[in-house]
Amino acid sequence: MGDILPPPGGEGEVILNERGEAVPNSTSELPFFQKKSEMPNELFRVYLASDSYQVRQIRSTDKIQRKPDPGGDELAKEELKKFDLISFVDDGYVSIGLNTNTGKLEAIAFDRRVPRINDIAKIIQNDASRWNYEHLSKDGLPTVTKFLVTYQIRLFASKSRDEIKQMLQKKK
């Protein structure tokens, strides 16, 4: 275990992982999870690769929580596998709007940064839209209805340059 760092969402914030478990912010975490959040409406960070799906909720864990969905997490990793042709890291911000009465997804859009590969942008949008939330207010009504999810996408080179050229030629 690495050195403990301040929570990226600010002092006193609890960090939850994809299973809903509290985890410390430490130097053994991915740098993407460690860095301080400069956006007050950023609640979630997702690291997505063909071999890994990790979530960190960095704020408002006392008001809203993502319900764990290991099956959906696995599918997101599978979706990314077909893009493992080159080594590539990208990110994107997804703005989420929830219905103020039901707490269900009402709006989803890219905010600030859209991933450079269109098909990956679709994977991110689909991923963020499948999430379900638990609202922790006394009456069960949502108190948090607009927030950002930051994604970091990691692709791995699985083919040589020549193999990629051959694939592209076959498509034509």
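I take a residue as buried when its relative accessible area is under 20%, and I keep in mind throughout that this is a predicted model.

**S37.** I found S37 in the loop between α1 (31–34) and β1. Its side chain reaches the backbone oxygen of M39 at 3.2 Å, and I also noted a polar contact of 3.1 Å that joins the side chains of S37 and R59. Leaving aside residues up to four places away in sequence, S37 touches P8, E42, R45, I58 and R59.

**S60.** I then turned to S60, which lies in the loop between β2 (52–57) and β3 (64–66). With a relative accessible area of 14%, S60 is buried as well. I checked the backbone here and wrote down a phi near 60 degrees for S60, a positive value in a residue other than glycine. Most residues other than glycine have a negative phi.

**The nonpolar core.** Which residues touch the most other members of the largest nonpolar core? I listed W131, F147 and Y151, in a core of 25 residues. The elements that give two or more residues to this core are β1 (42–49), β2, α2 (70–81), β4 (88–98), α3 (118–130) and β7 (146–155), and β7 gives the most, with five residues.

Note on methods: Residues are numbered from 1 along each chain as its sequence is written. This is a predicted model: local features need pLDDT of at least 70, side-chain atom pairs count only at pLDDT 80 or more; totals for chains, interfaces and linings use all residues. Side-chain values use heavy atoms; hydrogens and water are left out. Helices (H or I, at least four residues) and strands (E, at least two) are DSSP runs, numbered from the N terminus. Buried means under 20% relative accessible area, exposed over 50%, partly exposed in between (1.4 Å probe, protein chains only). A nonpolar core is a set of buried Ala, Val, Leu, Ile, Met, Phe, Trp, Tyr and Cys residues joined through side-chain atoms within 4.5 Å. A polar contact is a pair of N or O atoms within 3.5 Å; within protein, one must be able to donate a hydrogen and the other to accept it, and residues adjacent in sequence count only if both atoms are side-chain atoms. Contact means heavy atoms within 4.5 Å.
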